[in-house]
Amino acid sequence: MLYKLMRCELKKLYIAMIIMLSIIGVICITGCVNKTKNETKLISYKMNVAYAENQIVGTQTTTICNYYKEGLDKLCFNLYPNAYREDAKFPSFDKAMESYGGIEIETVMLNDKDKLQFAVNDDKNLLIVNISPLKLEESISIYMTYTLTLPICNLRMGITDNNIKLASFYPQLAYFENGEFRNDPFTTIGDPFLSECADYDITISAPSDYIIASSGTLINSNKEGDNQIVNLTASNIRDFAIVMDKNYQVTDSIWQNKVIKYYHYGDENVDKTMKIITDSMAVYSDMYGMYDYPTLSVVVTDFVDGGMEFGRLVYISSNDSDLETTIAHEIAHQWWYSMVGSDSIMTPFIDEGMATFSSMLYYKSIYGDEAFESKLNAVCDSYSLYEKLQKMRQTGVSLELNKSIYDYTDYQYQMLVYQKSAMMFGHIYQTMGKEKFKKGMSNYVKKYKYKMGNIDNMIEELNDAYGQDIGGVVKGWQNACCYYVN
Ligand SMILES: [Zn+2]
C-alpha cells in the first residue's frame with residue numbers, strides 16, 4: 001500500500017477468542033498429485049460471483065492439499081468483509097461510513113454433497129470448519145455459499161458512485177504457521193493480509209454496462225439478458241481483486257508478451273502514464289527477474305490512500321497527487337508481495353521497504369543518479385528529523401523495524417516501515433554496489449517465487465552475492481541504529 005493521508009492513532013488491539021463448534025464431516029480424500037510444499041497449486045478457488053444492487057451472492061469451492069500436518073482436523077478461512085460491519089471489534093474503518101457491509105456464510109459442504117456444520121469466531125472474521133482428520137498430501141474440496149453486502153466507502157472493498165471495488169471479498173484460506181491457522185485481526189494501519197499463492201477460476205455475473213478490471217485473464221464473456229457473464233482465471237496469486245465501473249476508459253498495450261491494461265477516466269497524459277507503467281515493469285524485471293504473470297492491470301479508483309497492491313492488479317487513487325511515484329511503488333509490489341511473499345503483518349518493513357526503495361531505482365533508471373539521490377535524500381531528511389525529535393523529546397518510541405502492523409501508530413508506520421526501511425535497502429544497495437545487489441535480490445526472487453521469504457532468507461542470498469556478510473548492517477538497521485542520523 002502507499003499512504004496518502006495520515007490517520008488516527010492505532011487503537012490497542014486485543015486478541016479475539018475463537019469459539020469452536022464440534023463438527024463431524026465425511027472426508028472425501030484424494031491425493032495431491034505428487035505435489036509438495038515446495039511446489040505451487042496447492043490451493044485453488046472456483047467461484048461464481050453474482051453482483052446485483054450492492055450485494056454479491058457467491059458460491060465457492062476451495063480445494064486444498066494438506067501439506068500442513070498429519071491429521072489436519074479443521075480449516076479456517078478469513079472473512080475480511082466482516083471488518084466492514086458497523087459493530088466490528090477490529091474494523092477496516094476509523095471513522096463512520098455511509099453504509100456498512102459484511103459477509104454471511106450460509107452453507108458449508110464437503111464437495112457439494114454433505115453438509116458440514118461451521119462456526120465463526122466472536123468478531124466474525126474467521127470461519128472455522130472442522131473436518132475428519134486429513135492425512136498429509138491428501139486433498140479436500142469445501143463448497144460454500146455466501147451473501148456479501150458491500151459498504152459504501154472508499155476503502156479497499158466498497159462502492160462509490162459507479163465504482164465497485166471487490167478486494168478480499170471472499171472466504172480466503174487463513175495462513176497456516178506453527179501447527180495452526182493464524183487469525184490476524186483487521187487494522188486500519190498497514191495491510192492485514194497474509195496468504196499463500198493459489199489458483200483462481202472466477203465467473204462473475206454483473207450488469208452489462210460495467211467495465212470489469214480484474215486480477216485474471218479473460219477466458220470468455222457472454223450476455224444473458226441485461227447481464228454479462230465473465231469467466232476469469234489466474235495462477236499463483238495471493239488474492240483476486242475485481243473493480244467495476246461504467247465510466248472506465250481502457251488503454252492497453254503489449255509489453256514483453258504481457259497484456260498491460262490501464263483503467264482510467266480519460267487521463268489527459270495517457271501515453272506518459274503507460275510509459276511509467278511499462279518502464280516500471282522493465283526496471284524491476286531487469287533488477288529482480290522478469291515479471292512472471294501474463295497480465296497487469298493498473299486501475300484508477302476512488303481509494304482513500306495513494307494505491308494498493310493485489311495479484312496482477314493495483315489500485316491508483318483517483319485523487320493521487322504523485323501518480324508516477326505511486327505507480328512505481330505499487331508495481332514494485334508485484335515482486336515484493338505478489339511473486340515473493342513475506343509476512344506483511346509481522347514484518348511489514350520487508351515488502352513496503354523494498355517497494356519504496358524500488359521506486360527510487362525506477363527514478364534512477366529513468367531520470368539518472370541525481371533523481372535517485374534526491375528521492376533517497378528526501379526520505380533520509382524526513383526520517384532523520386523524525387528520529388531526532390523522538391530522541392530530543394525522549395518519547396521512548398521504538399525505532400525498531402522488526403515490529404508488526406499492530407505495534408505502530410499510523411505516523412510511526414510511515415516513518416519506519418516505509419522510510420527507515422527504504423533507507424536500509426538504500427544503504428545495502430550502496431554498500432554492495434548495483435551488480436551484486438541485483439544478483440542477490442534476483443536470486444532471492446528466483447528461490448522464493450510463489451513462496452514466502454523472510455529477512456534471513458534475503459540476507460543469505462545477499463551474502464552469497466556480496467561475498468561478505470551484509471547481515472550485520474541489516475540487523476543494525478532493524479534495531480534502533482540509523483546510519484544516516486547524527
Ligand atoms: Zn506499499
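I started at Asn-78, which stands opposite Gln-172 in β12. I took strands as DSSP runs of E of at least two residues and helices as runs of H or I of at least four, both numbered from the N terminus. This is a predicted model, where local features need pLDDT of at least 70, side-chain atom pairs count only at pLDDT 80 or more, and totals for chains, interfaces and linings use all residues. Residues are numbered from 1 along each chain as its sequence is written.

Strand β4 (residues 72-78) runs antiparallel to β12, and two bridges join them; strands pair if DSSP finds at least two bridges between them. I then followed the open sheet of four strands, with antiparallel pairing, and noted its order as β7-β8-β4-β12. β7 (119-120) and β12 (172-173) are at the edges with a single partner strand each, so one side of each has no neighbour in the sheet.

Next I looked up strand β19 (residues 242-245). Ile-242 and Met-244 point one way and Val-243 and Asp-245 the other, and all are buried (20 or more other C-beta atoms within 10 Å of the residue's own, C-beta atoms being placed from the backbone). Three bridges join β19 to antiparallel β11 (residues 163-166), with Leu-166 opposite Ile-242. Four bridges join β19 to β16 (residues 211-214), also antiparallel, and there Ile-212 has Met-244 as its bridge partner.

Last, I checked the helices. α1 (residues 270-288) and α2 (residues 323-332) pack at about 40°, with axes 9 Å apart; axes are lines fitted to C-alpha atoms over the stretch in contact, and angles run from 0 to 180 degrees between N-to-C directions.

How values were computed. A residue is buried if 20 or more other C-beta atoms lie within 10 Å of its own, exposed if 12 or fewer, and partly exposed in between; C-beta atoms are placed from the backbone.
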